[in-house]
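Good morning, colleagues. Please look at the sequence and the structure now on the screen, and I shall take you through them step by step.

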Amino acid sequence: MDGDPAVESELDSFSLILPLPFRIAFILVLGVWAWGVNLHYLYLLKIDVPSLIKYSSRTSSPLPHHQRTYALATTITGPLLISLFFFWTLTRGNPAAVLSWDIIPQFYLFLLCLFFLIPYKRLSPHGRFRFLTTLKRVSIGGIAEAQDGRFGDILLADVLTSYSKVLGDLFVSLCMFFSSGKSSTDKPDRGCGGTYIVPIIISIPSIIRLRQCLIEYTRVRHNPQKTAATGWGGQHLANALKYSSAFPVIILSALQRGYDPTRIALSETGLFRL
């Protein structure tokens, strides 16, 4: 495959340096750094974020939360840089080598998952446990009561909506890695696994937030002690409408990507204009 024009035409110069799995890893790690920066900035403003999200670290560490987040971010950044170094050393910008060594970025993604699962005491164990339990509750559209960390559930669900495309790309990367004759470092095949699998995955975060908004509306409507602050729940319906507006975009994008004139009455141009 060395020097194969068909291979070289598929991979642009950026993908040779930073293929899809590494781009996914970079964005995930960057998210941890961004959370640390947010905590740090709010800490300087004397805003107690852990109290807002009802988080108690249950640890005697004198370090503020943003420094512990920085420590976790540094820990997961190190292996990423090492993986990139080995990948660049082995591939040297050669398209065939880039396709052959897709195990390196995939191994790092596996390692990144382990960082959040292993009960290592020096890596913010309580913070990671709280993240996983909140993710479990949020992943089915659940939302805690205000006294149990409702604000934290909303924050995490909003983060998931921002990472919806990353989640779709993660599936594509894994699908290509485990598919025969494909490489996860090749040009992304967003039809891997089926035409509509990726759009469904991308829509899940919006579905989660939509369900949370409807749950909050129901709580307000069934609360006998309504106040001016809670209102009648109209703001939750407005939020539900906002998140549901993502579905037409996702559906139309999926139809464009897998356009079949025998199954769709509209022309491709008409579909694009929609």
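I begin with helix α7, whose buried residues are Ile104, Pro105, Gln106, Tyr108, Leu109, Leu112, Phe115 and Phe116. Here buried means under 20% relative accessible area, exposed over 50%, and partly exposed in between, with a 1.4 Å probe and protein chains only. Helices (H or I, at least four residues) and strands (E, at least two) are DSSP runs, numbered from the N terminus.

Before going further, a word on the source. This is a predicted model, in which local features need pLDDT of at least 70 and side-chain atom pairs count only at pLDDT 80 or more, while totals for chains, interfaces and linings use all residues. Residues are numbered from 1 along each chain as its sequence is written, and side-chain values use heavy atoms, with hydrogens and water left out.

Let us return to α7. The cover over its buried residues includes α3 (20-44), α5 (65-91), α8 (125-138) and α10 (164-178); contact means heavy atoms within 4.5 Å. The helix comprises 15 residues, 103-117, and at 1.5 Å a residue it should span 21 Å; its end C-alpha atoms are 21 Å apart, so the two values agree. The expected span is 1.5 Å times one less than the number of residues.

What does the chain contain as a whole? It has 14 helices and 0 strands. Of its 274 residues, 36% count as buried. Among contacts between residues at least 6 apart in sequence, 67% join residues at least 24 apart. The chain exposes about 16,100 Å², of which carbon and sulfur atoms supply 66%; these areas come from the Shrake-Rupley method with a 1.4 Å probe, and for residues only the protein chains shown count as cover.

I turn to the interior. A nonpolar core is a set of buried Ala, Val, Leu, Ile, Met, Phe, Trp, Tyr and Cys residues joined through side-chain atoms within 4.5 Å. The largest such core has 30 residues, and those with the most contacts inside it are Phe22, Ile76, Leu80 and Tyr108. Two or more residues come to this core from each of α3, α5, α6 (95-100), α7 and α10. Apart from its neighbours within four places in sequence, Ile76 is in contact with Val29, Val32, Tyr108, Leu112 and Phe115. A second, separate core of 5 residues includes Val138, Leu156, Ala157 and Ile208.

Is Gln212 buried or exposed? At 0% relative accessibility, Gln212 counts as buried. Leaving aside neighbours within four places in sequence, the contacts of Gln212 include Val138, Gly141, Asp153 and Ala157.

Finally, the structure holds 1 disulfide, a term for a pair of cysteine sulfur atoms within 2.5 Å. Cys175 and Cys192 form it, with their sulfur atoms 2.0 Å apart. Cys175 lies in helix α10 and Cys192 in the loop between α10 and α11, so the pair ties together parts that are 17 residues apart in sequence. Both cysteines, Cys175 and Cys192, are buried.
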